[in-house]
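I'd like to walk you through one structure, slowly, and you can follow along on the screen.

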Amino acid sequence: MSAAPAVAADASQCDAVVAKLSRSMEAQMNASLPADKALKWTTKLREVMTASCTEDGWPAHLTQCVLAAQDDKAIDACGDSMKGDKEMEEKLMRRMGPLMDEMMKDLMSATGADPAAPTTP
């Protein structure tokens, strides 16, 4: 007997889910980056997450969990519930990987570091 397929979230919920996910991310970026960089990258991350939610069909149990979460710890637990969903993980990584690479290059160039240079352990 196979498991029932996950039901995709209603795309209309994606904006609210991503807004809630973004709050913690924005606070962390605002605390560690110049304001212009924090705004640039939180905006881009929000766009990628919204596209992932609407186009890849985040499971309803995930979006409902995030919307019900009262704090960052609860939101993290919602994300933990997705571990093992290889298809969803791969879709998200295909979207996030290039963005994270671009972000690292941008942030490294702002500090004068060479993002391609090897690091010393």
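This is a predicted model: local features need pLDDT of at least 70, side-chain atom pairs count only at pLDDT 80 or more; totals for chains, interfaces and linings use all residues.

Okay, the overall layout. If you read from the N terminus on, the order of elements is simply α-α-α-α-α. The protein chain has 121 residues, and 33% of them count as buried. Now think about contacts between residues at least 6 apart in sequence. In the protein chain, 71% of those join residues at least 24 apart.

Next, how the helices sit against each other. Let's take α1 and α2. They pack at an angle of about 150 degrees, and their axes are 9 Å apart. Anything over 145 degrees counts as roughly antiparallel, so that is the label for α1 and α2. As for handedness, α1 passes α2 in a right-handed crossing. And which residues meet there? On the α1 side you have C14, D15, V18, L21, S22, M25, E26, M29 and N30. Facing them in α2 are A38, W41, T42, L45, R46, M49, T50, C53 and T54.

Now put α1 against α3 instead. Here the angle is about 55 degrees, with the axes 9 Å apart. Are these two helices parallel, perpendicular or oblique to each other? An angle under 35 degrees would be roughly parallel, and 65 to 115 would be roughly perpendicular. The α1 and α3 pair is therefore oblique. This time the crossing is left-handed, with α1 passing α3. From α1, the contact uses A16, V17, K20 and L21. From α3, it uses T63, V66, L67 and A68.

Right, on to the core. The largest nonpolar core has 24 residues, and M29, W41, L45, W58 and L62 touch the most other members. Which helices supply it with at least two residues each? The answer is α1 (14–32), α2 (35–56), α3 (60–68), α4 (72–80) and α5 (86–111). The helix giving the most is α2, with six residues.

If we don't count residues up to four places away in sequence, L62 touches C78, G79, S81 and M82.

Then there's M103, which lies in helix α5. Is M103 buried or exposed? Its relative accessible area is 6%, and buried means under 20%, so M103 is buried. Leaving aside neighbours within four places in sequence, M103 is in contact with M29 and W41. M103 and L45 are 58 residues apart along the chain, yet their C-alpha atoms are separated by 9.8 Å.

S22 is in helix α1. At 1% relative accessibility, S22 counts as buried. Its contacts, again skipping residues up to four places away in sequence, are R46 and M49. Both of those are on the α2 side of the list I read out for α1 and α2.

The other one is D106, which has its place in helix α5. D106 has a relative accessible area of 14%, so it is buried too. What does the D106 side chain make a polar contact with? Its partner is the side chain of K37, at 2.7 Å. Not counting residues up to four places away in sequence, D106 touches K37, K40 and W41.

Last, two residues that land in the middle category. A27 lies in helix α1, and with a relative accessible area of 47% it is partly exposed. A27 and T42 are 15 residues apart in sequence and 9.7 Å apart in space, C-alpha to C-alpha. L92 lies in helix α5, and L92 is partly exposed as well, at 29%. From L92 to W58 is 34 residues in sequence and 9.9 Å in space, C-alpha to C-alpha.

Technical notes
Residues are numbered from 1 along each chain as its sequence is written. Side-chain values use heavy atoms; hydrogens and water are left out. A nonpolar core is a set of buried Ala, Val, Leu, Ile, Met, Phe, Trp, Tyr and Cys residues joined through side-chain atoms within 4.5 Å. Buried means under 20% relative accessible area, exposed over 50%, partly exposed in between (1.4 Å probe, protein chains only). Helices (H or I, at least four residues) and strands (E, at least two) are DSSP runs, numbered from the N terminus. Contact means heavy atoms within 4.5 Å. A polar contact is a pair of N or O atoms within 3.5 Å; within protein, one must be able to donate a hydrogen and the other to accept it, and residues adjacent in sequence count only if both atoms are side-chain atoms. Axes are lines fitted to C-alpha atoms, for helices over the stretch in contact, and angles run from 0 to 180 degrees between N-to-C directions. A crossing is left-handed if the near helix is turned anticlockwise from the far one by less than a right angle, and right-handed if clockwise.
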